[in-house]
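The exercises below are meant to be worked with the model open beside the page. Try each task before reading its solution.

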Number of protein chains: 6
Amino acid sequence: MTATVHMDRLSWIEYERRVAEGAVVFLPCGATEQHGPHLPLGTDHLLASAISADVAARIGGLVAPALAYGYKSQPKCGGGQHFCGTTSVDGATLSAMVRDAVREFHRHGVKRLVLVVGHYENQWFVTEGIELAMRELGGAKSGLEVMRLEHWDFCREETLADVFPGGFPGFALEHAAVIETSLMLHYLPELVSLDKIPDDGPADFPPYDMYPPRTEWVPPSGVLSSARGSSAEKGARLAEDIAGGIARAVRAEFAMEHRA
Amino acid sequence: MTATVHMDRLSWIEYERRVAEGAVVFLPCGATEQHGPHLPLGTDHLLASAISADVAARIGGLVAPALAYGYKSQPKCGGGQHFCGTTSVDGATLSAMVRDAVREFHRHGVKRLVLVVGHYENQWFVTEGIELAMRELGGAKSGLEVMRLEHWDFCREETLADVFPGGFPGFALEHAAVIETSLMLHYLPELVSLDKIPDDGPADFPPYDMYPPRTEWVPPSGVLSSARGSSAEKGARLAEDIAGGIARAVRAEFAMEHRA
Amino acid sequence: MTATVHMDRLSWIEYERRVAEGAVVFLPCGATEQHGPHLPLGTDHLLASAISADVAARIGGLVAPALAYGYKSQPKCGGGQHFCGTTSVDGATLSAMVRDAVREFHRHGVKRLVLVVGHYENQWFVTEGIELAMRELGGAKSGLEVMRLEHWDFCREETLADVFPGGFPGFALEHAAVIETSLMLHYLPELVSLDKIPDDGPADFPPYDMYPPRTEWVPPSGVLSSARGSSAEKGARLAEDIAGGIARAVRAEFAMEHRA
Amino acid sequence: MTATVHMDRLSWIEYERRVAEGAVVFLPCGATEQHGPHLPLGTDHLLASAISADVAARIGGLVAPALAYGYKSQPKCGGGQHFCGTTSVDGATLSAMVRDAVREFHRHGVKRLVLVVGHYENQWFVTEGIELAMRELGGAKSGLEVMRLEHWDFCREETLADVFPGGFPGFALEHAAVIETSLMLHYLPELVSLDKIPDDGPADFPPYDMYPPRTEWVPPSGVLSSARGSSAEKGARLAEDIAGGIARAVRAEFAMEHRA
Amino acid sequence: MTATVHMDRLSWIEYERRVAEGAVVFLPCGATEQHGPHLPLGTDHLLASAISADVAARIGGLVAPALAYGYKSQPKCGGGQHFCGTTSVDGATLSAMVRDAVREFHRHGVKRLVLVVGHYENQWFVTEGIELAMRELGGAKSGLEVMRLEHWDFCREETLADVFPGGFPGFALEHAAVIETSLMLHYLPELVSLDKIPDDGPADFPPYDMYPPRTEWVPPSGVLSSARGSSAEKGARLAEDIAGGIARAVRAEFAMEHRA
Amino acid sequence: MTATVHMDRLSWIEYERRVAEGAVVFLPCGATEQHGPHLPLGTDHLLASAISADVAARIGGLVAPALAYGYKSQPKCGGGQHFCGTTSVDGATLSAMVRDAVREFHRHGVKRLVLVVGHYENQWFVTEGIELAMRELGGAKSGLEVMRLEHWDFCREETLADVFPGGFPGFALEHAAVIETSLMLHYLPELVSLDKIPDDGPADFPPYDMYPPRTEWVPPSGVLSSARGSSAEKGARLAEDIAGGIARAVRAEFAMEHRA
């Protein structure tokens, strides 16, 4: 029953018991960002939450409410801030949100916390939030251990080779493309409009960024490489790589017993 | 079909069209906070989102992803920060989140934005976030109008008189009590454990606050006045007051035509 | 001799002795804000200081210099930021001022500190300032106890019933109205221009706020309900409620002996 | 009648009229800081306010409520932060206070603002506050002109030669010494305890500072050079230099007509 | 004569002339960070400056003083914060430095600014600094165009194939390894101790990070993959890729004439 | 061999050894600021670094990379922000840089740190950076001792009498004048253009500052008093005063043995 993994659907008394039993807490760090005409604006936080719930269900963990607004979209990995609907926060805002959340989970008695980043641009501001919290909490003395991960990094090479028979274009271009679309078809198929996948070929970016952004670098659809070829089956394989891989990483790093 | 009111379930292209058509955007400002043994930790953001969706459905609006972490819980209105599960942010973090979100909705072309506060302690930091954004955007020159409300303020006196035949204890004590429980029974009954409602009588607070908090002032359950007598029927009446009232306020202030 | 309660009129050596003897320190948190044509711009900090001095004289406490600039005036409780003379600070500024002051009183060896809020809009940013300081100082380990209060909350129901024979309009509307005017007539009558009291009836606000503010909601005088009927006698009764009530609260919470 | 120069004793309507007539506004930037056994903790803000009122009376200006808390006391100019009673704020707090105040006076329509610094350590954080405000307000386009001064810099050499027949030790050492004591004897004699002036000779500081501070560098009384020889007469002469000099500077810079 | 490219070696009058002539300004964004036993702590800012000077010499640009302190070193790309000598700043500090610098170059009349990132961990905080400045300056209206680049991204695939006959381990592991060592041998050979290159094989990191860091993941030398095989010749080829590539990018994006 | 004093030219292993042996670390805090037509924009950080290196060579210390961007130039001591080339940061940025650097040197095990201020406007923001770091590190418990100095304060009166036979104009006016020019002729003569020294006589400033600045107060060259009469010989004498004086101060305060 997946409801039980969602912290915000539990009473504080149930949550307290779960934390006392050592539950790992997952904090999805997503975004509200254009994902082409075929995926919803919430893709990044919805996927980060779905993956967190998948892992939590495997290991008896809990999922905190997602951070639904992420760092500013950049043209080369998310299309950029000129798209309508992309709703981003300043770096300091995101770092403060993460710092405050980590501080609170520590107060709850959480010993093992996993920040699941689902938006490429978030990584470093989430990192800084963790660093600020750990400094404030006294580092290793706090008894808190935090894992931070970008979920796509758990895709295995074999899987990528199969998913991209024509060669993997790299994660940065995988915005609203095959991986995200397939994962959405696996986890939240009702939010995917396969018929609206645009034909935009892979964007070709130079090895630098410009400010103000060169919006002409980005396909008008916001898709950085084609989502054609996405399928729920591919999504299931990728999800297994990711959720299974995170579950193994969590068990290994946090020295947990395998949960029956 | 309620799905269509949720911004994060729309593609950016659909969202852009809706914004261009003048859709009012609602931003629920909730919290993750203990709500006694019978209500979930997410009550404040879940209710703020449900009410926002209810209003949005009535007037053709859109609901942005909720801010799920609110300002620090205070003993006299939310039980306080000593409860496990309550997960709060600093005032500056919340104000920055709101400021950044308002700035982005303005960039999208949103002209009419409603911040629906669902957590008593949020009000002033949400206010400051709006004030900071409006100053940056140039005030009235921005063309953006923002409404901020605490949803319970739309309960009508007649309704309160009926819901509380023994007298209304006031909104501050209404934490995890009859109003919130009844609204949850109306909107999200699967998350209410009626059998776990504690008998805690109304808390009796002095006219001041102490830091560090006097935790003994607060019932150990976290419920500030009894939720006994809550019902889905009362919830429906309160929801009608609130959602209907907000819809009327939005139409009146934003000079909208009545939507068929 | 009231001079002796004012910290800034004592030498550091006298102050140090008083603190070593356990003096309670009061920090008035006021504002510079329009208060109609009949009350001065300094009403909020002048009253907070006068009340603090009244209490300090009763219990042997000390009054620190007032914070004379408060959080931004809101239409529904202070008239709003469109009035000339209202001089407000950002929320983060006020919280930082309070945090820094609390940190310093702690360094002095003060164990019992009372923040007397005299401006409705200040409450939450003063709260955050205290919270930030207490976190930095280590909470209960600091040995410092802080009380925060809004002085009007000590008005007794009986008194309000007498002062408002036609019914009490509520504290939010009591801006530049009977309570503040009467208190000023009691404490600082030379600053009241009774002949300039406007006839503005009670403002009637909807249950939400708008940004930019709807200035037409606010009487042009800045008075939210009429100050007619104010008197020094009422002020004396209210002052006795407030100063006496605070003195009792301080003695009760801080386990002080009654001072002869 | 000096009351009329104090902004916080005027109604907003009177203030608005005065501002519309072009009144120069003075903002005293003081501190709460030890000033030896013979001067009160409030010396810096009390003197800055008194001098501001003196100038304002000469030129028809207005005095805003003083900033009563200043930047951290340094051993070589104020004795240091190890003294009880010294109550200081972080640099960013002071700069934010000043920035916010300048922004508000600009909103009021004030065109000519004078920040009267009465605490040596304040100068640069007050400067930064002004710089931040002017940048935000658009610099010269704002129509606002701000003067910042440290009041002691208006003491004339001839006067210093007379006041210090044995040679002027310099302003940094003039903490709680002859200039401040004489000015207090002129403006606020009831707050000076001449019988408590200590015999501490001039402190002798090296050309550097140490952190943590070398508290042994500072006389235990907190007086950096002797206040012996202070007199109300000297105070009157210094006050004439200062208040007269500021008045002349204000008239010259702001191209005011001489006020009858 | 390379001296002339260094802004801080020119008088303001010469600089003003060069800016008026349209000179591109380069701001190296480096770090002070361990780079193994064979490279100096300043490698990142020294290389970013050397490359900037190389490019500036080719196109008639100017090099501003380097930011010599970068964002916190992470185990998987820089070894981590547990190394002595690594001297890092908070993310907000770095972003503020960059924002302030960009604002100032804009004030100077610089139209074309290039931020040359020489420290992997800097990228996103430098990005945020640019974003904050561009928002403040009004975006495209400012007339300022900024390029941000990580210099290693200009290494061509053919070169990498030659430099790493056994396969390129990726840029993240290229900390204190063949690319940096070869570039240092090209630009600053006197600072390289070839005899101290350790034998540490490539570090093998999992697809996540832990806080507090797992310091055992990182070779004690701080070198993430071996620098064996580094040579000045390779450095020259890499430098030509990088400096030549940046020069071409600058000319292309900024529509400059080729400089004779 | 001076190279060995520069931290950024050492490997982390050499640096760690030097720190373990008790090396004093010097952090030059300079600026990029106009210094007339005859001195380079980098004068303040170049001189602060050269002096730091000179002292470090005398006592076996180490010099960290300079902070090359300082607080905003003020007309009366640096010419002001209206000059092209002057590149300044906000006060909070500089304080944060210093705070972060002090925190890191403490982590390295540095016990004795000297901040060498080479830009008049930096003093108070550097002070605040140190204060913020020391508070965070626990003050005296940290085991860290920090000295902060403005290098010109070590010029001896006898030397100034000789260098300025016509009378010393004071350090504030000594911007780009005889002291700085002579020190540059001593340390970095290749960067001085003696033939471009302007004839600008000493600027004559009133005892207050104006915002926006009165740029007409400042000679168009940016030189506040004439650099005529500067010489390498004078520079050598001043350098001996300064470097020798700092070396003595460091030995005295840090109880070091005289280094052979």
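**Exercise 1.** Determine at what angle helix α2 (residues 43-59) of chain E and helix α8 (residues 232-253) of chain E pack, and name the residues that make the contact.

*Solution.* Two packed helices are described by the angle between their axes and the distance between the axes. In this predicted model, the axes of α2(E) and α8(E) lie 9 Å apart and form an angle of about 50 degrees; axes here are lines fitted to C-alpha atoms, for helices over the stretch in contact, and angles run from 0 to 180 degrees between N-to-C directions. Helices and strands are DSSP runs numbered from the N terminus, helices being H or I with at least four residues and strands E with at least two. The two helices are therefore oblique to each other, where angles under 35 degrees count as roughly parallel, over 145 as roughly antiparallel, 65 to 115 as roughly perpendicular and the rest as oblique. The next step is the hand: α2(E) passes α8(E) in a right-handed crossing, and a crossing is right-handed if the near helix is turned clockwise from the far one by less than a right angle, left-handed if anticlockwise. On the side of α2(E), the contact (heavy atoms within 4.5 Å) is made by E:I51, E:D54, E:V55, E:R58 and E:I59, and α8(E) contributes E:E240, E:I242, E:A243, E:G244, E:I246, E:A247, E:V250 and E:R251. Sorted by class, these residues are eight nonpolar, one polar and four charged, with Ala, Val, Leu, Ile, Met, Phe, Trp, Tyr, Cys and Pro counted as nonpolar, Asp, Glu, Lys and Arg as charged, and the others, Gly among them, as polar.

Residues are numbered from 1 along each chain as its sequence is written, while chains are lettered from A and ligands numbered from 1 in the order in which they are written. Local features need pLDDT of at least 70 and side-chain atom pairs count only at pLDDT 80 or more, whereas totals for chains, interfaces and linings use all residues, and side-chain values use heavy atoms, with hydrogens and water left out.

**Exercise 2.** Describe the packing of helix α2 (residues 43-59) of chain B with helix α7 (residues 178-187) of chain B.

*Solution.* The axes of α2(B) and α7(B) come within 11 Å and cross at roughly 55 degrees, and the pair is therefore oblique. The crossing of α2(B) and α7(B) is left-handed. From α2(B), the residues in contact are B:T43, B:D44, B:L47, B:A50, B:I51 and B:D54, and they meet B:E180, B:L183, B:M184 and B:Y187 of α7(B). By class, this contact has six nonpolar, one polar and three charged residues.

**Exercise 3.** Is F:T43 buried or exposed, and which residues does F:T43 touch?

*Solution.* Begin with the location: F:T43 belongs to helix α2 (residues 43-59) of chain F. Its relative accessibility is 0%, so F:T43 counts as buried, a word that means under 20% relative accessible area, with exposed over 50% and partly exposed in between (1.4 Å probe, protein chains only). When residues up to four places away in sequence are not counted, F:T43 touches F:H35, F:E180 and F:M184. For contrast, B:E16 in helix α1 (residues 12-20) of chain B is partly exposed, at 36% relative accessible area.
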